[in-house]
Amino acid sequence: MQVECPKALRILAHELRSPLGILQGYLRLLQEGRVDRESEMNMVSLMLKETGRLSTLARQASDLAAWRSGDARPEPAEVSARSLIDRLAETAAPLEIVSAPEEANQAIIPAVHVTSLLEALGALAALARREMPEAPLGVSLSLPPAPPRSVTISIGPTAALSGAPASSGGKTLSLDSGGHGLALMVAAAVLDAHAASLTTTAESVVVTLPLRGPS
Amino acid sequence: MTPARLAIVDDDPAFVGYLKTLLTSRGYEVASHPSGAKLLEALKRPPLPDVVLLDVLMPGMNGLETLRAAREAAPGLQVVMLSGNQVPATIVDAVRAGAVDYVVKPDDPDGLGEAALEGAIRNALEKRTLTTEVARLRAQVTDEPDGIQVCWGTSPAMRPVVTMVDRVADSDVTVLLSGESGVGKEVIARELHRRSPRRSKNFVKVNCAALPADLLESEMFGHERGAFTGAEATRIGKFEYAHEGTILLDEIGEMPAALQAKLLHVLQDNAVTKVGSNRLVPVDVRVIAATNRPLDQMIRAGQFREDLYYRLQVIEIRVPALRERRSEILPLVEFFLIKYAASYGRPVTRPSARMRDALLAYTWPGNVRELENVVKRFVILQDEALAIADLERARVEPLPAPSAAPAAPPAAAPSVPAANDGSTSGRGSSEATNLPALARQAALSAEREAIQQALESFRWNRRKAAKLLGVSYKTLLNKMKECGISGSDQPASDAH
């Protein structure tokens with residue numbers, strides 16, 4: 001947390017700049033008074049959209065602080081792995097479920113904050129989509145063979161998840177991608193709180209969540 | 001004027017939208033690409049953007065990677081890097097990779113960021129213009145057959161000239177070039193030759209005013225041995241020398257009448273007869289004639305053959321004076337700077353804003369030739385203060401612009417001191433080198449010419465002429481006396 005705090009502040013500052021700059025820019029254009037009524041209305045809509053971005057950043061900063069300080073924590077709720085990726089496919093559409101073996105579908109993830117976990121996975125899906133905008137995105141579920149028992153959720157291009165060779169030139173996806181770093185930091189904090197691990201490969205983001213004891 | 005084309009490369013559609021709105025409102029034509037890969041695709045299709053605004057942090061191919069690939073695909077591309085913050089290492093990398101500037105994305109309430117961005121775009125556009133211009137001029141100076149592009153012709157006044165050169169260069173049609181002395185008629189003649197199928201053959205210039213009639217005939221058509229005293233050997237003339245090439249008959253208006261008749265036959269028969277011979281020698285020559293005199297008026301005055309005029313004037317191209325195409329002054333200065341800096345081993349010292357102003361303010365009565373001499377002198381002496389002083393002095397005491405009307409020889413040399421390029425003869429008398437005397441002589445000559453023209457325009461009605469000249473009737477009479485103009489034998493009528 002001590003190392004993460006300055007980084008989070010730096011990312012927050014960086015991400016605040018863009019909507020603030022856009023708001024200031026449109027305000028100056030309006031101040032010049034050289035645009036017609038229709039353009040004015042369009043600018044106002046765009047400005048409102050940017051204020052929405054600012055609100056999201058404020059919420060993400062608050063969430064990050066809450067998860068890292070322990071104020072937010074997983075709830076004593078549980079969710080099946082299949083249910084989780086079904087909801088992810090809905091919220092982060094278009095996202096195809098590429099593979100979900102029956103035993104993985106049945107896996108129960110205990111003690112989760114479902115909404116936050118879904119948001120975290122959604123942020124990772126957004127990262128994959130930005131890095132590979134041309135490729136249709138998918139999610140797959142698997143159960144690693146060795147204990148401790150866990151379930152793996154992989155998000156990436158459907159072709160890559162189906163076992164096709166990587167086409168990104170081997171460059172690992174970066175979690176420091178500009179513009180959405182705070183959302184990814186919150187995702188990392190949520191996953192940490194769920195004792196999950198997060199790794200990236202050339203074409204996918206892999207989250208491993210612990211399961212309830214032997215069933 | 002075509003607006004400059006900008007390309008924004010950024011993965012943030014909201015920022016792109018704002019920047020597009022801003023820059024479109026500033027008169028630019030703006031395209032956008034969401035990634036470096038998309039920009040590289042776009043670079044394969046013309047037209048290329050004039051300036052690219054490239055975000056540093058982007059998913060996939062980042063800004064620096066995109067910059068390197070884009071500069072490889074289009075080496076002359078001007079790229080301004082955009083970033084949310086200034087990271088020194090990235091700035092250094094970007095500049096090393098060929099970025100023209102590095103600008104922080106606008107994010108301040110006072111608009112300083114926008115001003116910085118607009119400044120960077122302007123600089124990039126200026127750099128692009130200069131780079132293109134220098135490459136063009138270099139190609140011209142080094143005389144590479146495939147790289148030559150003339151440095152004149154960019155002004156609206158020259159557009160008809162350029163169009164006509166484009167249309168007739170590859171034909172054999174005879175061309176008459178008219179215009180004041182020094183406007184570049186020979187340059188255009190050479191361009192016509194260079195762009196013709198005859199380009200690999202000779203381009204031969206004959207100055208019809210430089211030689212007496214008998215010598216000119218021998219010079220043009222050649223002579224047989226013993227044709228005249230001193231003709232010790234048979235010699236081919238310029239027409240034969242120009243066989244399958246192009247001949248430029250400069251100052252055709254000065255050609256003696258007898259020679260005009262002979263030239264007419266040559267043009268009709270495509271054959272020459274040497275002095276002292278009766279044998280016709282076939283020649284295949286494209287003829288370009290040039291004059292600073294109004295041949296139509298000379299025909300009326302019986303000084304030029306009408307049939308020859310119509311032979312020569314199949315296509316007439318009037319080359320405007322430099323003062324009619326001021327936008328070409330600075331490009332011509334740049335051209336001559338590079339040319340003479342290379343010739344004389346001097347540095348290319350570009351003129352300051354003050355000197356540029358002086359160059360633009362001057363009327364250039366001697367046209368491009370005068371400008372060339374001023375730049376040559378500037379390159380040799382490397383003394384801008386002297387050049388400016390000369391230009392300003394010449395502007396204050398202007399000489400009359402050379403007229404296309406038949407007139408007495410110029411009374412004075414161009415008022416801007418010119419480096420001696422061998423084209424002008426020296427003057428021996430102390431009066432001729434006395435500037436005030438020269439100025440006075442030039443002023444008198446100009447006044448005399450203006451008064452005569454005004455009087456002739458109004459059939460020697462002195463009242464009307466005085467009104468045209470903006471002086472009183474009495475002043476005109478005094479001036480006529482001073483200039484030695486006598487109206488006593490004219491059909492004068494001073495009625496209002």
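In strand 7 of chain A, Thr208(A) is the bridge partner of Ser197(A). The model is a predicted one. This pair belongs to the contact between strand 6 (residues 197-200) and strand 7 of chain A, which run antiparallel and share 4 bridges. The two strands form a hairpin, and 4 residues lie between them. Strand 7 of chain A (residues 205-210) also pairs with strand 5 (residues 150-157) of chain A. That pairing is antiparallel too and spans 6 bridges. Within it, Val206(A) of strand 7 stands opposite Ser154(A).

Chain A also holds a cis peptide bond, which leads from Ala93(A) to Pro94(A). Its omega is near -5°. Pro94(A) sits in a loop of chain A, with helix 3 (81-91) on one side and strand 2 (96-99) on the other.

Chain B contains 19 helices and 14 strands. It has 496 residues, and 45% of them are buried. Contacts in chain B can also be sorted by separation along the sequence. Of those between residues at least 6 apart, 70% join residues at least 24 apart.

An open sheet of 5 strands is found in chain B. The strand order is 2-1-3-4-5, and the pairing is parallel. Strand 2 (29-33) and strand 5 (101-104) of chain B form the edges. Each has a single partner strand, so one side of each lacks a neighbour in the sheet. On average, neighbouring strands of this sheet are turned by 25° against each other, with direction ignored. Helix 1 (residues 13-25) of chain B packs on the sheet. This helix touches strand 1 (5-9), strand 2, strand 3 and strand 4 of chain B. The direction of helix 1 makes about 165° with that of strand 2. Within the sheet, strand 3 (residues 51-55) and strand 4 (residues 78-83) of chain B pair in the parallel sense over 5 bridges. Here Val52(B) stands opposite Val79(B) of strand 4.

Two further helices of chain B pack together. Packed helices are described by the angle between their axes and the distance between the axes. The axes of helix 8 (residues 213-221) and helix 10 (residues 257-269) of chain B come within 11 Å. They cross at roughly 15°. Angles under 35 degrees count as roughly parallel, and helix 8 and helix 10 of chain B are therefore roughly parallel to each other. The crossing of helix 8 past helix 10 in chain B is right-handed. Helix 8 contributes Ala213(B), Leu216(B), Glu217(B), Met220(B) and Phe221(B) to the contact. Helix 10 contributes Leu259(B), Lys262(B), Leu263(B) and Val266(B). By class, the contact has 7 nonpolar residues, 2 charged residues and no polar ones.

Two asparagines of chain B have a positive phi. Asn270(B) has a phi near 55°, a positive value in a residue other than glycine. Asn270(B) lies in the loop between helix 10 and strand 11 (271-273) of chain B. The relative accessibility of Asn270(B) is 44%, so this residue counts as partly exposed. Asn367(B) is not a glycine either, yet has a positive phi of about 60°. Asn367(B) lies in helix 15 (residues 367-381) of chain B. Buried means under 20% relative accessible area. Asn367(B) has 0%, so this residue is buried.

How values were computed:
Residues are numbered from 1 along each chain as its sequence is written. Chains are lettered from A and ligands numbered from 1 in the order in which they are written. This is a predicted model: local features need pLDDT of at least 70, side-chain atom pairs count only at pLDDT 80 or more; totals for chains, interfaces and linings use all residues. Side-chain values use heavy atoms; hydrogens and water are left out. Two strands pair if DSSP finds at least two bridges between them. Axes are lines fitted to C-alpha atoms, for helices over the stretch in contact, and angles run from 0 to 180 degrees between N-to-C directions. Contact means heavy atoms within 4.5 Å. Angles under 35 degrees count as roughly parallel, over 145 as roughly antiparallel, 65 to 115 as roughly perpendicular and the rest as oblique. A crossing is left-handed if the near helix is turned anticlockwise from the far one by less than a right angle, and right-handed if clockwise. Ala, Val, Leu, Ile, Met, Phe, Trp, Tyr, Cys and Pro count as nonpolar, Asp, Glu, Lys and Arg as charged, and the others, Gly among them, as polar. Buried means under 20% relative accessible area, exposed over 50%, partly exposed in between (1.4 Å probe, protein chains only).
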